[in-house]
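Q: Hi! I have a protein model open and would like to learn how to read it. Could you walk me through it, feature by feature?

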Amino acid sequence: MLIGHQSAVVDRPTLYTFHGVISSTQGFTIGSSPWDASCKNKRKAAGAALGRAAIRGYFDMFDLESYCVVRDLHRDSKGGEVEVAVRPYIQRYALNTTLTLCYGVRMDSVYDDMLREILEVGSAISLLRSASENYQDYVPMLRYFPKNEKNRRSKKLRDRRDKYLNFLLEKVREMIRNGTDKPCISAAILKDEETKLTGVEVSSICLSLVSGGFETIPGTLTSCIGSLSTKEGQAFQDQAYADIKRHYPDIKGAWRNSFQEEKVPYVNAIVKEAARYYTVSAMSLPRKTVSEVSWNAAIIPARTMILINAQAANHDVEHFGPSAATFDPGRWLDEETSTSSQPTEKAAAGIQHFSFGAGSRACSGQIIAQRLLYCALIRLLSCYKIVASEIEPPNTDYVDYNQFKSALVAIPRDFKVKLVPREENVELVEQCLAEAKERTKDYYAE
Ligand code: HEM
């Protein structure tokens with residue numbers, strides 16, 4: 001459906017609550033824009049900012065943000081004595097990445113007020129955005145009920161979101177005036193280096209990138225860490241660590257090279273398995289047919305909303321075999337050429353899994369997303385053995401790990417882990433952190 005009928009399913013539906021109320025001021029995100037000339041331009045601009053060719057420009061950002069994740073986890077876990085919840089650190093990682101891309105700004109503290117406000121409002125909007133959340137999207141009469149709680153909440157969230165989006169854009173304007181702006185999408189457009197996009201389109205692109213990454217990355221990486229921390233996960237960590245050492249005998253080398261390349265096959269396998277197993281956007285983003293589609297002898301009329309059950313596709317036993325419901329990075333390794341000491345990846349043939357969607361409206365951020373997951377895992381796994389808390393263990397069921405089933409993007413249930421320093425690397429970790437601190441100290445400094 002997504003590949004064979006690419007152009008017929010290129011459209012997205014508009015829903016009353018999300019499009020009519022929440023998005024009335026900043027424009028639609030790319031992922032919720034119907035297919036028209038403006039959406040085409042926005043998707044093109046996002047594609048250029050997030051594509052393989054652009055990634056080199058973000059090395060400093062990957063280096064700094066993944067360093068900050070380990071720096072703060074290292075500080076707060078106190079040599080493995082204190083159990084930590086990793087999600088807030090990863091939320092900052094994801095959000096800072098997109099804020100840097102869009103506005104050239106970042107927030108250093110995990111509990112920065114603005115950071116928490118953006119995350120809180122974004123999550124609340126994501127709950128209202130899902131195609132299965134709002135009856136009033138499908139039963140128009142409900143919209144006119146007095147004391148419409150959904151509309152009241154949506155308008156409040158819209159106003160809170162407008163406040164920080166306008167603040168960020170104003171901050172970029174001020175930095176341009178002072179000559180202190182950093183290379184980023186909004187500065188490029190405000191300085192008119194890029195053409196053809198309107199103000200609302202610029203806001204929409206920034207909003208798309210901020211909302212595209214801030215829950216998907218934490219959902220995937222946090223849950224992945226949950227699976228790795230279990231008893232079965234220890235073997236995956238050991239294999240990953242051995243493979244990291246095979247490519248970088250000195251852990252400092254792994255740190256220095258973790259953001260420029262994705263060279264360690266076993267870590268790549270973990271990244272793919274995390275994305276597949278925890279399909280964080282279980283029903284993907286809804287599409288709409290622009291023309292009639294013939295599907296398994298059925299005719300789907302034009303202008304029909306299509307919901308894609310990506311979670312089911314990713315756990316299809318016919319494709320992934322009887323172990324489809326098990327977290328197993330090994331499925332991405334080439335059985336014929338891999339040995340236990342030298343894993344090699346299966347050659348990628350076609351769509352590997354459906355977590356990033358597919359076809360004409362597939363995720364624009366998947367290259368960056370993969371690099372963020374890889375880089376954080378290389379750094380964390382080279383420093384620590386991650387062990388699940390006995391009191392607050394992770395839920396690793398691929399459906400039940402999610403607290404809110406009707407949200408657009410899964411929010412993993414809370415859990416804690418112990419970060420046990422790898423004995424042979426205790427001193428090296430301090431050295432890696434000190435080196436990264438020195439290397440990144442001027443990156444994105446205000
Ligand atoms: C693990 C991380 C991520 C996951 C699982 C994910 C998943 C998805 C999915 C399922 C879609 C809909 C695809 C379709 O309809 O076929 C999508 C669209 C999109 N994603 Fe992501 N995403 C991730 C990270 C990111 C990041 C980091 C960004 C931006 C920096 C981003 C930007 C976008 C945009 C702009 C779209 C809309 C594309 C369009 O409608 O044309 N995503 N993503």
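**Reading the model step by step**

A: Gladly! Of the 446 residues in the chain, 44% count as buried. Keep in mind as we go that this is a predicted model.

Q: How many helices and strands does the chain have?
A: There are 16 helices and 6 strands in the chain.

Q: What radius of gyration does the chain have, and what would a compact globule have?
A: The idea is to set the chain beside a rule for globules. A compact globule with 446 residues would have a radius of gyration near 22 Å, and the chain agrees because its own value is 22 Å. Along the principal axes, the C-alpha trace spans about 65 × 60 × 40 Å.

Q: What share of the contacts join residues at least 24 apart, among those between residues at least 6 apart in sequence?
A: That share is 76% in this chain.

Q: Which residues touch the most other members of the largest nonpolar core?
A: Start with the general idea: in soluble globular proteins, nonpolar side chains tend to be buried together. Here the largest nonpolar core has 109 residues, and V267, I270, L372 and L377 touch the most other members. Helix α15, residues 366-383, gives this core its largest share, 12 residues. Take I270 as an example: leaving aside neighbours within four places in sequence, I270 is in contact with C224, F236, A240, P329 and L377.

Q: Which residues come nearest to the ligand?
A: Around the ligand there are 30 residues, of which G212, G213, G357, C363 and G365 come nearest. By class, this shell has 14 nonpolar, 13 polar and 3 charged residues. Helices α2 (37-50), α8 (199-213), α9 (216-229) and α15 each supply at least two residues of the shell, and the largest share, 4 residues, comes from α8.

Q: Which residues of strand β5 are on the covered face, and which on the uncovered one?
A: In β5 (residues 384-388), Y384, I386 and A388 form the covered face, while K385 and V387 form the uncovered one. β5 pairs with strand β6 (residues 417-421) in the antiparallel sense over 5 bridges, and V387 stands opposite K418 in β6.

Technical notes. Residues are numbered from 1 along each chain as its sequence is written. This is a predicted model: local features need pLDDT of at least 70, side-chain atom pairs count only at pLDDT 80 or more; totals for chains, interfaces and linings use all residues. A nonpolar core is a set of buried Ala, Val, Leu, Ile, Met, Phe, Trp, Tyr and Cys residues joined through C-beta atoms within 7 Å. A residue is buried if 20 or more other C-beta atoms lie within 10 Å of its own, exposed if 12 or fewer, and partly exposed in between; C-beta atoms are placed from the backbone. Two residues are in contact if their C-beta atoms, placed from the backbone, lie within 7 Å. A residue is near a molecule or strand if its C-beta atom, placed from the backbone, lies within 6 Å of it. Ala, Val, Leu, Ile, Met, Phe, Trp, Tyr, Cys and Pro count as nonpolar, Asp, Glu, Lys and Arg as charged, and the others, Gly among them, as polar. The radius of gyration is taken over C-alpha atoms; the globule rule is 2.2 Å times the number of residues to the power 0.38. Two strands pair if DSSP finds at least two bridges between them.
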